[in-house]
Amino acid sequence: MSLIKSGDGAKGALLLISVALCAAFSIGLAHAQQSAPITPKLFSSEPAPVIQNIVVRGNQRIEPETIGSYLPIQPGMRAEDEFLDLALKTLFNTGLFADISLEMGAGDILVITVKENPIVNRVILEGNKRIKDDKLTEEIQLAPRSVYTRARVQSDVQRMIELYRAKGRFAAIVTPKVTPLEQNRIDVIYEIDEGPRTGVAKVNFIGNDIFTDNELRGVVLTKESRWWKFFSSSDNYDPDRLEYERELLRQHYGRNGYADFAVVSAVAELTPDRKDFFITFTVDEGPKYTVGEVRVKTTLAKLDDEVLARFVPVREGQTFDGERMEKAVEAITFATGASGYAFVDVNPRLNRHPESKTIDITFEVNEGPRVYVERVNIKGNTRTLDKIIRREIRIAEGDAFNRILVDRSRARVRSLGFFGEVEIEEKPGSAPDRTELDVSVEEQSTGSFSIGVGISSTENFILDLSVEERNLMGRGQFLRFRVQASSRTRQVDVRFTQPYFLGRNLAAGASLFNQRTNFRESGFIRNRTGFGLNAGFQVSEYGRGGLNYLLTYDDVTIENVIPQTFGSTLPLSSILVPGATANEIFYLNALGGIVTNNDPNDPNVVTQRVSANLCDFVNQVLTPTCDSRGTFLTSLIGASLSFDKRDDPITPRRGWRATASVGLAGLGGDVNYYQTEFSGAIYHPLIGDFIASLKGRAGYISGYAGDDVRLSDRFFEGASTFRGFEVAGVGPRFLQSNTFIDPSNPALGRVAVNDSFGNIAGQAIGAKAYAIGTFEILIPLPLPAEYGIRASLFSDFGTVGLVDDNTKALNNNSSFFLDTDGDGIADLAPIQDDLSIRVTAGVSVSWDSPFGPVRFDFAEILMKEDYDRTEGFRFSAGTNF
């Protein structure tokens, strides 16, 4: 409302413009125009007064100079009604004021009286359980120290309701409240009634004849609510999801030949009690088409039609498949890109023949307009330096845009392991032939101080203390200090790696370690201390080479005290090596009992049972285990070469990787051997989200310069490396345990003793060669990905074997042969070594639980040797805190 008073002359004229307007409705110029209509011209007979000065009153936080900077009028200008009205609207548009009045006072002074909007002290959320505070505060406008307006409150309420509807809670109510505080501050309280979760009572389809309702329900994401689906997050109505499901249905019909399929409508109806939705899809299936003539036409100079046609996976007579069409476009684009054409336009033309229900397909391939990369912007790296990311980008500013290089860049940045999410988005540049690339990353934790505990079938218990940083100071460097203890291993190691040494694409690293391992399966303990140096370098876009040097000092000891039984007349000097002593000796009668007072001169003594260190027995000195005792210095130099063409380094769906390495020990030290190892994998998607993989590993080691391969340097396979077998449970074995020498006839050999599982007791002695493959199918589970539960079907197959001739020397001594059936005839050689094929199959389940990773392996043995050690179940679990 405007009020104008006139006096004697222009100087005494008083113009009062008073507007009482709640700031909650001042959300824009248009709104201000409605609330403060322009005052009609009142100084028709005489000019408006000249403003001599401007005075601001009522302001508390905002400086008068700041308010004056918003005004379109200044001292010296006439107080025209239009200018005053514009000044009023301009101040309201700032959103800083709840009330404003303009008044021309005595002396032609323009007095501006304002009432400031309050400042938000706190934003309090009450009653929200299904959506956490941090998720809601990210979406709303009001925040501490922001200016309060009712428009912002209404916008926040609407946004929170939208978030709850996306979660399936359409009955959610958000009530805003304000608590006034001193100094024109307020607390804003949002009281949230989340209401019940709105489910989906039924998903209906109209017009479908080819596929049943149940089949189509399996295609769409939205599922019908059932009481047992408490893990599901897709049994609620989501409008955004409904639009996506239109496309899913189109793709499903397109894969099965229905090129004219269309979703006529998709309607969601809420029940009167507001608890459930009925969702109805009306579809028009159309006819089913087969592929007619397939041709490729190109204007590219270096490629002709026939060459490109070979890359097209669509053939005449096939059922029309929209997905195969997309793959054909990708294949042609890739083929032309590999031939040097970075900008290609592939346009498939479809010519339908309704009478024959066939579709002729012509792929028109032309060179597209060239587009160049103007800028590469790195966003979201709050910790990692820009150069760490940029050096992984395979396309530079000024280069021609290339989709293959962009995809490769994303994979390389993601493989760093520093970021949870990596996205590369194209944006228009300053000209039509220019584009900008926004590389957006989301930093994730790369450093950790962890104390871990766990259990497994192999280690029984595990304690782990680790300080690790994979992105030291944001420079991409790796540093780790680790202490680990378990029932079989004690380890301390320090490692450091600089991925770009001296600013070049050359990785350099060093390590220092001590490891004590109890190889229970082979009866020895190895204490290893050493240090290593390594370097890595790029050999191609997908290939990498490496060099390494390792110097280790090994102390191999045998700490295994066993009893053996001998004839009573055999002197101790013939039983133990010179200088060795027995832990204890028992003299036994014919029934195996200890004679009175354990007297060796008792006439009833038949045998003597001697307990001593395993390698103190004369008959054990030449065994493979005892032959590896001692201290050894190993100087090993090695090289490796690897290639990785997987589409994703973390969760691959297609592609392959391969690694080969060689090592040579003998450049100094006490040990001479050479070894080579190979590993590789191929990944390929099957139907849906099923992914098949074929993996393989192989290795060979052999001594030279007269040296055999020591026991501790051989290959031991089993457990996690060959599921279905125990640790070192597959491969060559020395069969022996609590042996018995028949005192009446030692030539008869030893009597084999079976363990509690019925296996002939013995020890693994490792192998010089192995070749193990795995065929695995990853099974998609009907569980949300955030649960971290994965399952797969697998089959492990391969062979492990070969030992040196000196290791098999015991097979030439009949006194070491075993009597397996108790008939008094020793018929089994002590060293068993057979390169026969072993095969297992089973199911593997892993879970990234809140307590740490958990894994279960269930395996069935299909092929094995009698002396192998098997297991049908293995698990491991651990945690960090």
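Which backbone nitrogen does the side chain of Glu224 reach? In this predicted model, that nitrogen belongs to Val203, and the separation is 3.1 Å.

I'll stay with Glu224 for a moment. The residue sits in the loop between H6 and H7. The side chain of Glu224 also makes a polar contact with the side chain of Arg217, again listed at 3.1 Å. Is Glu224 buried or exposed? Glu224 counts as buried, because its relative accessibility is 11% and the cut-off for buried is under 20%.

Now Ser225. Ser225 is in the loop that runs between helix H6, residues 213-217, and helix H7, residues 239-255. Ser225 has 21% relative accessibility, so this residue counts as partly exposed.

Next, the strands around S8. Strand S8 covers residues 185-193, and seven bridges join it to strand S6, residues 119-126. S6 and S8 run parallel. Within that pair, Arg122 stands opposite Asp187 in S8. Strand S7, residues 173-181, is joined to S8 by nine bridges, and here the direction is antiparallel. Thr175 is the residue standing opposite Glu191 in S8. S7 and S8 form a hairpin with three residues between the strands, and Gln183 in that hairpin takes a positive phi near 60°. As background, strands of a sheet pair through backbone hydrogen bonds, in either a parallel or an antiparallel arrangement.

There is another sheet to mention. Three strands form an open sheet, in the order S34-S32-S38, with antiparallel pairing. Its edge strands are S34, residues 762-764, and S38, residues 831-832, each of which pairs on one side only. Strand S32, residues 733-735, is joined to S38 by two bridges. Arg733 stands opposite Gln832 in S38.

Last, a helix. How many residues does helix H3 have? H3 has 13 residues, numbered 81-93. From first C-alpha to last, H3 reaches 18 Å, close to the 18 Å expected at 1.5 Å a residue. Just after H3, Gly95 takes a positive phi of about 75°.

To return to the opening question: the side chain of Glu224 reaches the backbone nitrogen of Val203, and makes its polar contact with Arg217, from a loop position between H6 and H7.

Methods
Residues numbered from 1 in each chain as written. Predicted model: local features only at pLDDT ≥ 70, side-chain atom pairs only at ≥ 80, totals over all residues. Heavy atoms only, no water. Helix = DSSP H or I, 4+ residues; strand = E, 2+ residues; numbered from the N terminus. Buried < 20%, exposed > 50% of the residue type's maximum accessible area, 1.4 Å probe, protein only. Polar contact = N/O pair within 3.5 Å; in protein donor to acceptor, adjacent residues only side chain to side chain. Pairing = 2+ DSSP bridges. Expected span 1.5 Å × (residues − 1).
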